[in-house]
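Work through the exercises below with the sequence and the model open side by side. Each task is followed by a solution that goes step by step.

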Amino acid sequence: MREQFGSSIPALIRPGSLELERETAEIDQQSMARLEQTLFRATDALLHKQQEDGYWCGDLTADSTLASDYVLLQLWLHPPQQGQGWTPPEPERMAKLVRYLKDSQLADGGWNMFLQGNANVNATVKAYTALKILGEEVDSSRMRAARERIHELGGLQACNSYTKINLSLFGLFPREFVPTVPAEILIVPGSFLYEMSSWTRTIIVPLSIIQGLGASRPAPEGMTLNELVYPGTPITMPRKDITSELFLRADKLLKHWERRGIQKIRGRAIAAAERWMLEHLQHSDGLGAIYPAMMYAVMAMDALGYERDQPDMKEAMRHFEELLLEHEDSIEFQPCKSPVWDTAIAAFALGQVGEMDQAAMTRAADWLLAKEVRRKGDWSAKRPNLRPSGWAFEFANDFYPDIDDTAMVLLALQHAKASDAAKQQRAEQRAIDWLLGMQSADGGWAAFDVDNDWQLLNKVPFADHNAMLDPTCADITGRVLEALSRRGLSYKHPAIARGIQYLLTTQEQNGSWYGRWGVNYVYGSFLAIRGLVATGDARAHSAVQRAANWLASVQNEDGGWGESCTGYEVDRFIAAESTPTQTAWALLGLMAAGKTHSPQVQRGIAWLQAGQRADGNWDEALTTGTGFPNVFYLSYHLYRMYFPALALASYRNEMSRVVPEVRF
């Protein structure tokens with residue numbers, strides 16, 4: 001394997017041949033000079049975003065539901081006196097929040113889940129509720145429009161379980177019609193809790209405490225949401241099939257247990273949930289380091305009677321407040337922070353450029369090494385003998401190192417060299433071993449766990465948020481294959497061979513791959529292509545070429561690529577306006593497949609060059625990150641910087657190479 005700055009994944013070789021599949025094209029000196037200028041501006045802008053400690057951390061934003069939930073949290077922590085209205089704390093902040101919600105409202109009266117998306121019933125109900133709590137007149141034009149849109153979307157009854165649970169805590173939705181999250185799951189034999197996804201775990205444990213204690217807070221005097229109920233449709237728990245019906249009957253038994261169960265057992269369960277929550281708050285930026293879990297943790301501690309100056313409570317509230325992006329006239333809310341992810345991709349992109357500021361790269365490497373996870377986390381429930389390693393997504397989240405982040409850090413550390421070479425080598429070997437140990441039985445890799453695929457859990461009443469499981473996926477598997485292959489593991493290695501087979505098996509009929517953590521088929525396809533090509537297994541040639549042909553076929557007329565989040569709803573690619581992020585992904589996939597000289601790549605590079613701003617950045621008007629398909633989406637504000645830089649650098653390197661690199 002070639003280890004140097006500027007190397008890129010080679011073109012795939014036809015089986016039984018050393019002929020590279022390339023079109024012929026020339027690039028003149030003037031075009032190359034312009035390309036270098038574009039690349040210089042991009043990398044210079046990226047370097048200016050690096051923090052003194054060596055890391056990058058861009059803003060990470062989502063939809064309006066985070067702001068709406070923040071209002072409910074404040075109502076929980078500062079409840080109104082009985083028989084009185086509510087005076088919100090921090091009125092200046094709340095005024096900013098009201099402006100944010102009003103500015104986010106769509107012309108049809110609703111609120112959406114992603115940029116330029118259609119109105120969503122959960123987001124709209126939450127925003128309406130927050131504005132009503134904060135004193136917005138219900139007869140105002142915007143509130144009337146919101147109510148009409150909610151009715152068109154099926155009314156309050158159409159909301160998912162978590163929206164209904166949140167409302168029920170304030171008497172705004174009937175408690176009898178929301179799922180019970182029993183604290184007893186912490187004390188039942190077996191590992192039931194660890195069959196759920198990591199994020200679900202961190203959400204339901206504090207929520208089980210709140211429900212188990214029967215805790216609630218009053219809404220402002222006289223407030224209801226009766227006007228949001230769709231006429232003629234009963235308020236019931238959703239019934240999908242026979243299995244779901246069995247879980248609903250079990251839920252009725254749980255509610256009976258809440259009222260008449262043995263309090264000693266219930267107390268032991270709540271105590272176990274409290275211990276689990278407090279343990280998982282350690283070495284972390286908050287419970288799970290994600291917004292909903294951190295919010296429920298604060299509410300749970302408050303329900304348990306923790307005073308505001310109790311150390312655990314203070315720390316939980318501090319971490320939660322740090323997710324706010326508050327400026328003089330505006331406010332936004334982050335679902336979490338992304339420093340390890342941003343640093344790894346930025347460093348890898350700069351390494352592909354080559355001849356970068358070595359001091360900056362060393363600072364990045366040193367910072368990353370300091371963030372390696374050295375403690376066993378939840379993943380060890382299924383891999384108890386695996387030596388801990390890996391990197392989390394956030395500044396600190398030791399219970400949840402991320403397989404995707406770990407693979408990306410390994411890629412970055414090929415270029416970024418730490419001040420202690422021996423320490424870096426040891427960390428890299430631990431990470432390689434950990435990734436190999438975290439492969440699932442089907443040959444793929446998931447985000448945080450192994451074999452987290454117990455489909456029965458999707459039938460439980462609170463599973464309608466599409467996040468109960470952490471299944472293996474093509475995008476993470478592709479990145480892991482690339483990272484491990486670049487570290488010298490052959491396609492004949494059993495783990496690599498199984499990963500290759502997983503990707504070949506999960507390819508869509510049209511040649512694309514589904515993208516779990518990015519939008520969507522463009523994301524999944526570019527990473528699967530890179531992973532397969534990096535392995536050097538010529539048997540993957542046909543699959544890679546089919547994927548490349550698919551990427552070429554969905555290019556927009558302007559030369560870029562764009563894909564809408566709505567594709568998740570219909571399980572197929574939905575074109576959208578071109579974005580710098582998705583254009584870069586498509587280009588990286590096509591170039592990995594040997595299409596650098598193709599007209600599609602030339603047009604894509606031209607689109608990136610034409611769209612670059614004077615400051616080296618790009619504008620992006622669409623959401624390109626995925627949290628939970630159909631439920632929650634993410635806008636990574638540095639994606640539009642480092643992915644185009646990576647694509648431009650890879651293109652420059654390929655066009656500058658006199659003799660194409662061959663690894664087969």
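**Exercise 1.** Determine with which side chains the side chain of glutamate 372 makes polar contacts, and describe the surroundings of glutamate 372.

*Solution.* Begin with the side chain of glutamate 372, which makes a polar contact with the side chain of arginine 430 at 2.7 Å; a polar contact is a pair of N or O atoms within 3.5 Å, where, within protein, one must be able to donate a hydrogen and the other to accept it, and residues adjacent in sequence count only if both atoms are side-chain atoms. A polar contact also joins the side chain of glutamate 372 to that of serine 389, again at 2.7 Å. The model is a predicted one, in which local features need pLDDT of at least 70 and side-chain atom pairs count only at pLDDT 80 or more, while totals for chains, interfaces and linings use all residues. Residues are numbered from 1 along each chain as its sequence is written, and side-chain values use heavy atoms, with hydrogens and water left out.

Next, list the contacts (heavy atoms within 4.5 Å): leaving aside residues up to four places away in sequence, glutamate 372 touches Ser389, Gly390, Trp391, Ala427 and Arg430. Finally, glutamate 372 counts as buried because its relative accessibility is 9%, where buried means under 20% relative accessible area, exposed over 50% and partly exposed in between, with a 1.4 Å probe and protein chains only.

**Exercise 2.** How many aromatic pairs does a search of the whole structure find, and which parts does the pair of tryptophan 199 and tryptophan 517 tie together?

*Solution.* The search finds 29 aromatic pairs, a pair being rings of Phe, Tyr or Trp (its six-membered ring) with centres within 6.5 Å, classed as stacked with planes under 30 degrees apart, edge-to-face over 60 and tilted for the rest. In one of them, the rings of tryptophan 199 and tryptophan 517 have centres 5.7 Å apart and planes at 80 degrees, so this pair is edge-to-face. Tryptophan 199 belongs to helix α7 (residues 198-212) and tryptophan 517 to the loop between α17 (494-506) and α18 (521-535), so the pair ties together parts 318 residues apart in sequence. As for burial, tryptophan 199 is buried at a relative accessible area of 6%, and tryptophan 517 is buried at 17%.

Technical notes:
Helix = DSSP H or I, 4+ residues; strand = E, 2+ residues; numbered from the N terminus.
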